[in-house]
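User: I would like to learn how to read a few features of a protein model. Please begin with the surface.

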Amino acid sequence: MRGTSFATPLVASRVALKWGAGMGPKLDAEAIDLGARGPDGTYGRGLLCTICRPAR
């Protein structure tokens, strides 16, 4: 249960809920930064699903 195939529907549902409520820009603030500080090529903007944890 990891990778983009698993993450895509989770992120899409969060975006739909937030965007529908007019809160799209707040998604970045909700993301947990992973890897190098700020957006990066490996983790993008971070972990959006707070109940999800990266496999380590």
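Analyst: Accessible areas come from the Shrake-Rupley method with a 1.4 Å probe, and for residues only the protein chains shown count as cover. Here the chain exposes about 4,400 Å², and carbon and sulfur atoms supply 60% of that area. This is a predicted model: local features need pLDDT of at least 70, side-chain atom pairs count only at pLDDT 80 or more, and totals for chains, interfaces and linings use all residues. Residues are numbered from 1 along each chain as its sequence is written, and side-chain values use heavy atoms, with hydrogens and water left out.

User: How many helices and strands are in the chain?

Analyst: Helices (H or I, at least four residues) and strands (E, at least two) are DSSP runs, numbered from the N terminus. The chain has 2 helices and 0 strands. Leu-10 lies in helix H1 (residues 4–20), while Asp-40 sits in the segment after helix H2 (27–30).

User: Is Leu-10 buried or partly exposed?

Analyst: Buried means under 20% relative accessible area, exposed over 50%, and partly exposed in between (1.4 Å probe, protein chains only). Leu-10 has a relative accessible area of 29%, so Leu-10 is partly exposed. Of the 56 residues in the chain, 18% are buried.

User: What does Asp-40 touch?

Analyst: Contact means heavy atoms within 4.5 Å. Leaving out residues up to four places away in sequence, Asp-40 touches Leu-34 and Gly-35.

User: Which residues are 39 apart in sequence?

Analyst: Leu-10 and Cys-49 are 39 residues apart in sequence, and their C-alpha atoms are 6.8 Å apart in space.
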